[in-house]
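Hi everyone, thanks for coming. Today I'd like to walk you through a structure that may be new to you, so please have a look at it first.

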Amino acid sequence: MRDNGEVTSATRRPGIPASPLPPRLIATDLDGTLLGDDKAVSPRTVAALAAAEAAGIEVFFVTGRPARWMDVVSEHVHGHGLAICGNGAAVVDLHGGPGAHRFVKVRELARENALDAVRLLRDAAPGTLFAIERTYGFYQEPAYPKLHLEAPDSLAPAEKLLAPDAPGADEPVLKILAHHHEIAPDDFLMTARLAIGDRADVTRSSPSALLEISGPGVSKASTLALCCAERGISNEEVVAFGDMPNDVEMLTWAGTSYAMGNAHPAVIAAASGRTAANTEDGVAVVIERILAERDPQRRAAP
């Protein structure tokens, strides 16, 4: 179940033009990308996803969300039924439907690295509050704000939540969440990356100062690269979509990538192209264009 071995390279040099190869896989973020601001998949996007799968193009949802928050798209998975969750920390089979997902691959954050990350970030940014995301449970410090859709399974300081005898300690840690009330989001991200170094990977997907801390080398890009390698798909045959800093590595790795119209500046700089905002079905716009180029009989919607 656990996999922390060497991974396929998830780095592409900036400036390489979009791939001329026909796409075989579409990788899309969810919040702020595929989903509208109402957290739903629009009818146009549902139709585009189904058409892509019917045309033989695999679709992977690649998100920072935990597996238990994937109900919003579980009925839209086709074929393989897999999704990459937790910013690459887990590959999940959604075929079972809501509440019945199965973990196919887990790339955990080792306890020692997690404790180091907490200690280093507490020192670098006093006032940081932490929560722990495990495969099936969510645990937080008492003062951690109510940012999520559920009540925590346990309340305690992060160091106790990461202890060998802590509740849920038999489950791997997928990521640590770190929140700060006062530091600007991008400044907090830079501070954390400098403080934690190679002990863990740090990113963010929230508009607030909320960081997501994963195992070293774990990202959307590196786990997507593993899934593609298992299928004999090269990065040049991947089209990726995203809107926030946790998407940057994936957009850089993919042969063709699109920043949403609502994307963070770092995402716009990383992507090879740009599409409409999530509220304007930006992912569907591109998929329709791809399919229209494959089949001149098909006309993309305006």
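**A walk through the cores, a helix and a pocket**

Leaving aside residues up to four places away in sequence, Ile26 touches Ala52, Ile57, Glu58, Val59, Phe60, Val239, Phe241 and Ile287. Please keep in mind that we are looking at a predicted model.

Where does Ile26 belong? It is part of the largest nonpolar core, which has 35 residues. Ile26, Phe61, Met70, Val73, Phe241 and Ile287 are the members that touch the most others there. Several elements each supply at least two residues of this core, including helices H1, H2 and H10 and strands S2 and S12. Helix H10 gives the most, with 6 residues. Apart from this core lies another one, of 25 residues, among them Leu109, Ala178, Ala200 and Ile213. As a general point, nonpolar side chains in soluble globular proteins tend to be buried together.

Let me step back for the overall picture. The protein chain has 10 helices and 14 strands. Of its 302 residues, 57% count as buried. Among contacts with a separation of 6 or more, 60% are between residues 24 or more positions apart.

Now to helix H4, residues 111-124. How far apart are its end C-alpha atoms? They are 20 Å apart, and this agrees with the 20 Å that 14 residues should span at 1.5 Å a residue. The buried residues of H4 are Asn113, Ala114, Ala117, Val118 and Leu121. Why do these residues lie on the same side of H4? Because they cover an arc of only 135 degrees around the axis. What covers them includes strands S6, S9 and S11, together with helices H5 and H6.

Helix H5 brings us to Lys160, which has its place there. Is Lys160 buried or exposed? At 59% relative accessibility, Lys160 counts as exposed, because the cut-off for that is over 50%.

Last stop: the largest pocket. Its volume is about 750 Å³. The pocket is lined by 32 residues, and Asp31, Lys39, Trp69, Ser205 and Ser206 lie nearest its centre. Helices H1 and H3 and strands S9 and S11 each supply at least two residues of the lining.

Conventions
Residues numbered from 1 in each chain as written. Predicted model: local features only at pLDDT ≥ 70, side-chain atom pairs only at ≥ 80, totals over all residues. Heavy atoms only, no water. Helix = DSSP H or I, 4+ residues; strand = E, 2+ residues; numbered from the N terminus. Expected span 1.5 Å × (residues − 1). Buried < 20%, exposed > 50% of the residue type's maximum accessible area, 1.4 Å probe, protein only. Arc of directions from axis to C-beta. Contact = heavy atoms within 4.5 Å. Core = buried A, V, L, I, M, F, W, Y, C linked by side-chain atoms within 4.5 Å. 1 Å grid on protein atoms, 1.4 Å probe; cavity = no way out; pocket = protein on both sides within 12 Å on 5 of 7 lines; lining within 4 Å. Points joined across faces, edges and corners; volume = space filled by probe spheres on them.
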